[in-house]
Amino acid sequence: MNNLEKYNEIFTRLFSVEESELNEDFTFATVDKWDSLLHMTLISELEDTFDIMLDTEDILHFGGYVNGKTILKKYDISFED
Amino acid sequence: MFLNLDRRKEDELVGVDSSDAVLTVGELNEEKMKLSSLLSARSIVFILCNNTVGALAAYLNTVRLDAVPVMLSSKTDKQLLNNLYEVYQPAYVWCPDGNDRFFSDASMVYQAKGYQLYRTSNALYDIHPSLELLMTTSGSTGSPKLVRYKKGNLEANAKNVALAFGWTAEERPLCDLAMNYTMGLNVVNTHIYAGATVYLTNENIMSAPYWDYIKKYQLTNLTQVPFGYELMLKLRFTRMDLPYLTTLSQGGGKLTDKTFETLADYAGKTGKRFIATFGTTETAARMTLLDPALAKEKIGSIGRAIPEGMLMLLDDNGNEITAADTEGELVYSGPNVTMGYAVCRTDLEKGDEFCGTYHTGDIAVRDADGCYYIVGRKSRFLKMLGYRVSLDQIERLVKDQFRIEVACTGSDDHMLVFITEDTRKDDILSFVSEKTGFYRSLFEVKVISEIPKNDTGKIMYKNLI
């Protein structure tokens, strides 16, 4: 799996959604299921999968599917489409 | 007089919230005067709470006007709310603006600070003269069971907890735990009693605005349930620059020893206080706290009784255990012990059934220094994310919904639901997650061939694997 596939797999599994639902509008504010527990689980899975450790500020601002990719790029995780 | 409010100057702040709205003592008193002709004393009043100054004013003035609040979340599941409404037939409902859809037969009589007061079509009915407030025990598991607070419970616990913590009017506490949750209400009450301003927020701990709020107002006190501390550690908050923070307090369930130690260490190194406490809804919040100077030495302890309170341990025969390090049921006596439970309207006429003594159902030990440690539970409930969840209640809900055999066990962070029909596994997982309002990963549904029972048909929980 490439990075995008890994990234998408975590989202589709944790949120029980189809890949087609992952877009600009998939955010902490708009997705009901995205509560603090799920947020923590998401961060842990991303850290384990990509072998990184996110800074506090990045965890707090990891507010959406699209925005999350931008944050991970800071940790040298690239998403070739 | 309630929480020393009558002693305060008109321009003092009682509360601030994360929309920067404020509530002064003068505004609160003016509202009280207006409401005195609109809100009947000794009536039942649903308050659909969120953490804003509007909800704070609604709560404080309802109690001050001798009406009886039922503290509920503004996010209460519609079905549960309708059920509670049918059972307790409140004469009034306070709710946030735009949240009035449940009460079509009600008319609005007052509106201020984002909250509306509705008079419903329900008539007033007789309730016990000592009844002060009603609180749910179980998050949102659909039970209409309420704890009956008597007059003086809120004041006594506010006073004694404020005294034990050494709160002054200078405190700036973060109030992010819900006001309709016993520990959340206690944080509010203890600080108002001490003459301080409370800082309310609905922001999520895993979001930037939550931490911005703490920094903006230089908040001094945090109170969290174990889950909140797990999240904070995940955020590596021990590396954050929080120079104004002086007290970290914990309640609402047992921390893991590792987390307890991490917090005690962090507090020790940074010159802050870490204070573990123990409370229940039935005791109008807190019963004990651990002296912060002992935190590093007594990992996992809940400490000793608060002022005016008394703890003891009872053996299976109900005899007091005097020896150290011996397990027994933790029993508490004090002025904050409530009157008992209600499951229906007529229960609100009942008097004091606890009579100042509450059997917690928790198994504890006391060390040679008189500090207590919770080691297990006598009764069948879990404390998930700080909320008490009855395993029997979940079983009943699943049975009613799916008409199948079911048995629930597990730990505070992982409930196990045993069933015998493979086909319903995912539906049941969704159902228990929805009914409790907790995320699916806290539950596991296991399919087994048969629910183990003894000769009398009782489920043998110890045999469930």
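Two residues are in contact here if their C-beta atoms, placed from the backbone, lie within 7 Å. In this predicted model, the contact between the chains takes 13 residues from chain A and 14 residues from chain B. On the side of chain A that touches chain B, helix H2 (36–50) and helix H3 (56–60) of chain A each supply at least two residues. The largest share, seven residues, comes from H2(A). By class, this side of chain A divides into seven nonpolar residues, five polar and one charged.

In chain B, Asp6(B) lies in the segment before strand E1 (13–17). Asn29(B) is 23 residues away from Asp6(B) in sequence. In space, the C-alpha atoms of the two residues are 8.6 Å apart.

Helix H2 (residues 53–64) of chain B has 12 residues. At 1.5 Å a residue, H2(B) should span 16 Å. The C-alpha atoms at its ends are 16 Å apart, which agrees. Of the 12 residues of H2(B), 11 are buried, so the helix is largely enclosed by the rest of the structure. Among the buried residues are Leu56(B), Tyr59(B), Leu60(B), Asn61(B) and Val63(B). Just after H2(B), Asp66(B) takes a positive phi of about 65 degrees.

Strand E8 (residues 131–136) of chain B is mostly covered, with six of its six residues buried. E8(B) pairs with strand E4 (residues 68–73) of chain B in the parallel sense, over two bridges. In this pairing, Val70(B) stands opposite Leu134(B). E8(B) also runs antiparallel to strand E9 (residues 146–150) of chain B, and five bridges join them. Here Thr136(B) stands opposite Leu146(B) of E9(B).

Two helices of chain B cross. The axes of helix H4 (residues 153–165) and helix H5 (residues 182–193) come within 8 Å and cross at roughly 75 degrees. Angles of 65 to 115 degrees count as roughly perpendicular, and H4(B) and H5(B) are therefore roughly perpendicular to each other. From H4(B), the residues that meet H5(B) are Leu154(B), Asn157(B), Ala158(B), Lys159(B), Val161(B), Ala162(B) and Phe165(B). Their counterparts in H5(B) are Asn186(B), Asn189(B), Thr190(B) and Tyr193(B). The contact has six nonpolar, four polar and one charged residues.

An open sheet of five strands in chain B has the order E12-E13-E14-E15-E16, with mixed pairing. Strand E12 (221–224) and strand E16 (304–305) are the edge strands, and each pairs on one side only. Strand E13 (residues 247–250) and strand E14 (residues 273–280) of chain B pair in the parallel sense over four bridges. Gln250(B) has Ala276(B) of E14(B) as its bridge partner. H5(B) packs on this sheet, touching E12, E14 and strand E15 (285–289) of chain B. The direction of H5(B) makes about 80 degrees with that of E15(B).

E15(B) is mostly covered: five of its five residues are buried. E14(B) and E15(B) run antiparallel and are joined by four bridges. Gly279(B) stands opposite Arg286(B) in E15(B). The hairpin of E14(B) and E15(B) has four residues between the strands, and Ala284(B) in this hairpin takes a positive phi near 45 degrees. E15(B) also pairs with E16(B), in the antiparallel sense over two bridges. Thr288(B) has Ala305(B) of E16(B) as its bridge partner.

An open sheet of three strands in chain B has the order E24-E25-E26, and its pairing is mixed. Strand E24 (406–411) and strand E26 (443–447) stand at the edges with a single partner strand each, so one side of each is left without a neighbour in the sheet. On average, neighbouring strands of this sheet are turned by 25 degrees against each other, direction ignored. E24(B) and strand E25 (residues 414–419) of chain B pair in the antiparallel sense over six bridges. Gly410(B) stands opposite Met415(B) in E25(B). Helix H9 (residues 391–402) of chain B packs on the sheet, touching E24 and E25, and its direction makes about 145 degrees with that of E24(B). Helix H10 (residues 425–436) of chain B lies across E25 and E26 and runs at about 150 degrees to E26(B).

Definitions and conventions. Residues numbered from 1 in each chain as written. Chains lettered and ligands numbered in written order. Predicted model: local features only at pLDDT ≥ 70, side-chain atom pairs only at ≥ 80, totals over all residues. Nonpolar A, V, L, I, M, F, W, Y, C, P; charged D, E, K, R; others polar. Axes fitted to C-alpha atoms, helices over the stretch in contact; angles between N-to-C directions. Parallel < 35°, antiparallel > 145°, perpendicular 65-115°, else oblique. Expected span 1.5 Å × (residues − 1). Buried ≥ 20, exposed ≤ 12 C-beta atoms within 10 Å, placed from the backbone. Pairing = 2+ DSSP bridges.
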